[in-house]
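Dear colleague,

Please find below the structure that I am handing over to you.

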Amino acid sequence: MKKIATTTLLLAFFFAFSQQKTIDQKIDALLKQMTLEEKIGQLNQYSGDNAATGPITIHLNKINEIKNGQLGSMLNILGAKYTRQYQELAMQSRLKIPLLFGQDVIHGYKTTFPIPLAEAASWDLPEIEQSCRIAAIEASASGIHWTFAPMVDIVRDPRWGRVMEGAGEDTYLGSKIAYARVKGFQGKKLGDLNSVMACAKHFAGYGAAVGGRDYNSVDMSERMLWETYLPPFKAAIDAGAATLMNSFNDLNGIPASGNNYLIRNILKGKWNFKGFVVSDWGSIGEMINHGYVKDSKEAAIAAIIAGTDMDMESNSYRNNLAQLVKEKKINASLIDEAVKRILRKKFELGLFDDPFRYCNSEREKDALNNPEHAKIARKIASKSIVLLKNEQHILPLSKNIKTIAFIGPMVKLKRANHGFWAIDLKDVDSTYIVSQWEGLEKKVGKNTQLLYAKGCGIEDESKADFQEAIDVANQADVVILSIGERWNMSGEAKSKSNIHLPEVQENLIKELQKTGKPIVILINAGRPLIFNWTADTMPTIVYTWWLGSEAGNAIADVLFGDYNPSGKLPMSFPREEGQIPIYYNHFNTGRPARNETNTNYVSAYTDLPNSPKFPFGFGLSYTTFQYADLKLSKQKMKSDESIEVSLTIKNTGDFAGEEVVQLYLRDKVGSVVRPILELKDFKKINLEVGETKTIKFTIDNQKLSFYNSKLEFNSEPGDFDLMIGSSSTDIRLRDNFELINK
């Protein structure tokens, strides 16, 4: 039996090898037929003329270039009908090399899921993978081969507008989510009709832009780069990510699009990445603005030598590579290498076998109208909501409430629930998007009266509608107030120096508070906002982010207890902008503050506590959980061993609910300073009322290792603190252990 199994494995290995070799042979044969101009064409990507995610360039000769085999990829072409039309043009070219169609499918295609930062608040990896799976099913059915997601940048500055697009401040959580998202987009394998290529972005360091200002410089130590910012990219590659995208920033003085160290040394060297690298929109040409090159010709040299394979919208490759080869300023082998990487993905997608296999209008219709997708979106949106305060236990609401006043500028919005990066599809109306009003209206019983007042605008300072809101509130048993950011106040190019809740909205809260009515605050946002008066004064606050097309239903589910909120913050919420960057896993310094009032000659502000308003990992439930019985299998561990950790969690409240059990470690002494604590594992569990479960974790050498001053990833013998809790500041159980030499 063992012999048969071994033979089967060997046959599988040789079959896989022969298949790979066949693709290699096909690529080599095709490459020999291609002219230099056709090769360079494969390295170019243009946007469609009707939609853009950057400063669009109108290519008047685009159609002829496609027919001549001088274009490899397009983005912002939506729908099976339109991708087919462009693919038919490519089939008129001499070699009939198919086009790749890319799109920013960031948090859903037609069915829109919570913005990625909100999804990260679910800490639910299977659900996050599932949302990307649905996005891939819908996008691939609409002719899309490739999504420019996931964004895996670690972010510690909520002023940066693109914070909404990532997984927050923590490297461990961010790496797990990066892996899940890639798996979701790519499915079982590339080439399946319900799969799209993932693109991990932005490589690298983009989330650390100075001052939280989009496109800005990044300056950091190599150790911080390797320990904090690179691991999510490695996780994405381990998950099989087909492509990576450059970042706009320079990293320590070298623009990422021309950064040989990032692309050649790390990505294609140490990590042996076999996919291809695409620039961000125009980023190759933008190296001129950086002052790194003098013109587009030098930009093309820097990018192709560094290993950027495809030029998105800058025309630097299109206009210069052929001449550079003729002038012998670059070797033609660099172009061949990039072309091979791109052609490989086209072969793996099956486009050479059938260029139109993703352009099926019937399949598109079925995928975009699958009612199961909305059900899944509703569940994930519910899991993404974070309960910040519930001091008077107003929530969950009773369905027998006689009168509810639903007030605020967000209540009846529809498209806004999509959040930034949503895709506006032609010929698709917005009736499938559930507003918060509609969600609540469907949820309450026939005996409940629902009243509405807008109250105020999102940003303007007008108080003209205040009195109407007060009058409506006075008629109600409970007030629900929906406030926050406009949907496009967070996103690319939406960096802000002031991230406070707009003043007019906080003024409305103050007026409504005077009515004495119980008030539930809903905050819709794409980033952590600052709302100190509200946080200190109002007893019930729910952070709803932007939740997607099922936002209204999901919010209603949470408000009325049909889903018990379980979200945990993936980012620290600052008290003021002056604290930024703020993150939980900081170093201790030589003069740490003992407490919030200890400010004399220690590392502290004299006018503000060091701590965030709401910490990383924080989120409440309608129920309570008791942590107990912490046990370690041993107190001393060798580097080739592991420690088994167990504990019990009991639901001690009145509602069934989910808890995210978080495991943190602290390396007490190291050859380089270590953080005060680091997330190293977590588990999300569901408990019925009164139920107890035993939770187990494994601590191995990987969890104890870090990058030392020589950039060697190893552990060091010494003492470790073990902390398990409900957030980074709510530690319920503690112990310690020692790592010893072999």
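**Aromatic pairs**

Tyr215 has a relative accessibility of 35% and therefore counts as partly exposed. Phe248, by contrast, counts as buried, because its relative accessibility is 6%. Please note that the model is a predicted one. The ring centres of Tyr215 and Phe248 are 5.0 Å apart and the planes stand at 90°, so the pair is edge-to-face. Since Tyr215 belongs to the loop between β5 and α8, and Phe248 to the loop between β6 (243–246) and β7 (250–251), the pair ties together parts that are 33 residues apart in sequence.

The count of aromatic pairs comes to 29. Among them is the edge-to-face pair of Trp160 and Tyr206, with 4.9 Å from centre to centre and 80° between the planes. This pair links distant parts of the chain, 46 residues apart: Trp160 is in the loop between β4 (146–147) and α7 (171–186), and Tyr206 is in the loop between β5 (199–203) and α8 (222–229). Trp160 and Tyr206 are both buried.

The charged end of Lys110 is placed over the ring of Tyr432, 4.7 Å from its centre, and Arg156 lies over the face of Tyr583, at 3.7 Å from the ring centre.

The strands β5, β6 and β9 form an open sheet in the order β5-β6-β9, with parallel pairing. Its edge strands are β5 and β9 (276–278), each of which pairs on one side only. On average, neighbouring strands of this sheet are turned by 30° against each other, direction ignored. Between β5 and β6 there are three bridges, and Phe203 has Asn246 in β6 as its bridge partner. Helix α9 (residues 231–238) lies across β5 and β6 and runs at about 160° to β5. Helix α10 (residues 260–270) packs on the sheet as well, touching β5, β6 and β9, and its direction makes about 140° with that of β5.

An open sheet of six strands shows mixed pairing, in the order β11-β16-β15-β14-β12-β13. Here the edge strands are β11 (386–390) and β13 (449–453), each pairing on one side only. The twist from one strand to the next averages 15°. Five bridges connect β12 (residues 403–407) and β13 in the parallel sense; Ile407 has Ala453 in β13 as its bridge partner. Helix α18 (residues 466–474) packs on this sheet and touches β12, β13 and β14 (478–484), its direction making about 165° with that of β13.

**Cores and a covered helix**

Which residues have the most contacts inside the largest nonpolar core? They are Phe203, Leu321, Ile407, Phe531, Tyr543 and Trp545, in a core of 148 residues. Another core lies apart from it and has 29 residues, including Leu387, Leu397, Leu522 and Phe560.

Helix α21 (residues 551–559) is mostly covered, with nine of its nine residues buried. Among these are Asn553 and Asp557, together with Ile555, Val558 and Leu559. The elements covering them include α16 (371–384), α17 (436–443), β14 and β15 (519–524). After α21 comes Gly561, whose phi is positive, near 80°.

Yours sincerely

Methods: Residues are numbered from 1 along each chain as its sequence is written. This is a predicted model: local features need pLDDT of at least 70, side-chain atom pairs count only at pLDDT 80 or more; totals for chains, interfaces and linings use all residues. Side-chain values use heavy atoms; hydrogens and water are left out. Two strands pair if DSSP finds at least two bridges between them. Helices (H or I, at least four residues) and strands (E, at least two) are DSSP runs, numbered from the N terminus. Axes are lines fitted to C-alpha atoms, for helices over the stretch in contact, and angles run from 0 to 180 degrees between N-to-C directions. Contact means heavy atoms within 4.5 Å. Rings of Phe, Tyr and Trp (its six-membered ring) pair if their centres lie within 6.5 Å; planes under 30 degrees apart count as stacked, over 60 as edge-to-face and the rest as tilted. Buried means under 20% relative accessible area, exposed over 50%, partly exposed in between (1.4 Å probe, protein chains only). A charge sits over a ring if NZ of Lys or CZ of Arg is within 6 Å of the ring centre and within 35 degrees of the ring normal. A nonpolar core is a set of buried Ala, Val, Leu, Ile, Met, Phe, Trp, Tyr and Cys residues joined through side-chain atoms within 4.5 Å.
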